[in-house]
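Take a walk through the structure shown here.

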Amino acid sequence: MSDPILELRDVKTHFPVRSGFLVKRHVGSVKAVDGVSLSVRCGEVLGIVGESGCGKSTLARTIMQLVPATSGSILLEGRDLAHESAAQSHALRRELQMVFQDPYASLNPRATVYDTLAEPLLVHRICPRREVPARVAQLMEHVGLAPRLMRKYPHEFSGGQRQRIAIARALALEPRIIIADEPVSALDVSIQAQILNLLARLGREMNLTILFIAHDLSVVKHISDRIAVMYLGKVVELGPAVDVIERPAHPYTRALVSAIPVADPDARCGARFARRAR
C-alpha cells in the first residue's frame, strides 16, 4: 500500500450559535464535522456518502480551506494545509481542486467558457499567454466538448455540458486531488452515467485521487474503491465499496443500503416481504 496523499486527523468544523438582541452571546455550536479521521491513497477514489445535513459538503469545504477547521489536521503529503502561509496556500491550490454540485451556480454567467478555463492558466502561469487558446481547446476535448463552443456562455449549455465545463476548469491546473461534491445530483439519470464514466476515465488516465461525495449509495458504488459513511458529522463506517454495500456493519449504513432502488419489481417485493418476516 502506498503512503496516503491526503490525511485527515480528528478534523472538527463547528459553527457557533449566538443569541441575544443587543449583546450576542455564544449559546452553543453546530457540530457539522465532529472528529473525522481518514487517509486517502494516491490514485484512489474514496466515496463519502450520507444523508443531507450529515456534514459531507462541510468536510469538502474544510479540506479545500473554504471553511476553517475548528481543530484537527489536514495533511497533504505531510504538509498541514491549515498552517501554511498565504504564498504556500496559493501554490497548494494547484494540488486540490473542487467540482461543485450545481454547475450553473459555480460558473460565472458573464464569462465565456474560454474566459473560465483561461483564468486559472493565467493566474497560476501554467503556460505562456500565446499557448492559452490551444490549452483551452485541449481541455474541452478532454471532457468531451467541441472547442468551437469556447466562446459561448454557460446559459447556452445543458446541465451535463455545464458540469463538463466545471470538470475541465478543475483539470486546468493539473491537480493531484479532485473533490467532487455531489456532481451528478442535479442531472438526469442518463447524464449522470456519462459524468460518472467521464470522472472514472479521467481518474485512470491522469492518476487522479478523487473524493466523490453523494447521498446515493448506488452512484457511489459505481465509481468508488472505498466508501466512507458519514452520520451526524462522524464517519461511522469505512471499507471497500463492495463490503460496505453487500455487508454493511453499521445500522445507519444498512438503512442507506435498504433505500437503494431495485430495478426488478419482483425482487423488490421479495425483499419487502423478507424484511416483514424478520
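Arg226 counts as buried, because its relative accessibility is 14% and the cut-off for buried is under 20%. This is a predicted model. What does Arg226 form a salt bridge with? The partner is Glu44, and the closest N and O atoms are 2.4 Å apart. Arg226 lies in strand β9, residues 226–231. Glu44 sits in the loop between β2 and β3 (45–49). The two are 182 residues apart in sequence, so the pair ties together separate parts of the chain. Glu44 is buried too, with a relative accessible area of 4%. The pair also belongs to a network of salt bridges that links Arg41, Glu44 and Arg226.

Now turn to Lys56 and Glu182. Their side chains meet in a salt bridge, at 3.8 Å from N to O. This pair also links distant parts of the chain, 126 residues apart. Lys56 is in helix α1, residues 56–63. Glu182 is in the loop between β7 (177–181) and α7 (189–206). Both Lys56 and Glu182 are buried.

Next comes Lys234, which forms a salt bridge with Asp34. The closest N and O atoms of this pair are 3.3 Å apart. Lys234 belongs to strand β10 (residues 234–240), while Asp34 belongs to strand β2 (residues 25–41). Are the two ends buried or partly exposed? Lys234 is partly exposed, at 39% relative accessible area. Asp34 is buried, at 14%.

Step back to the whole structure. The protein has 36 positive and 28 negative charges, and their mean positions are 5 Å apart.

The fold holds 11 helices and 10 strands. Among contacts with a separation of 6 or more, 67% join residues 24 or more positions apart. Of the 278 residues, 44% count as buried.

How does the overall size compare with a compact globule? For 278 residues, such a globule would have a radius of gyration near 19 Å. The protein has 20 Å, which agrees. The C-alpha trace spans about 70 × 55 × 50 Å along its principal axes. The accessible surface comes to about 14500 Å². Carbon and sulfur atoms account for 51% of that surface.

Definitions and conventions
Residues are numbered from 1 along each chain as its sequence is written. This is a predicted model: local features need pLDDT of at least 70, side-chain atom pairs count only at pLDDT 80 or more; totals for chains, interfaces and linings use all residues. Side-chain values use heavy atoms; hydrogens and water are left out. Helices (H or I, at least four residues) and strands (E, at least two) are DSSP runs, numbered from the N terminus. The radius of gyration is taken over C-alpha atoms; the globule rule is 2.2 Å times the number of residues to the power 0.38. Buried means under 20% relative accessible area, exposed over 50%, partly exposed in between (1.4 Å probe, protein chains only). Contact means heavy atoms within 4.5 Å. Accessible areas come from the Shrake-Rupley method with a 1.4 Å probe; for residues, only the protein chains shown count as cover. Lys and Arg count as positive and Asp and Glu as negative; His and the chain ends are not counted. The place of a charge is taken as NZ of Lys, CZ of Arg, CG of Asp or CD of Glu. A salt bridge is a side-chain nitrogen of Lys or Arg within 4 Å of a carboxyl oxygen of Asp or Glu.
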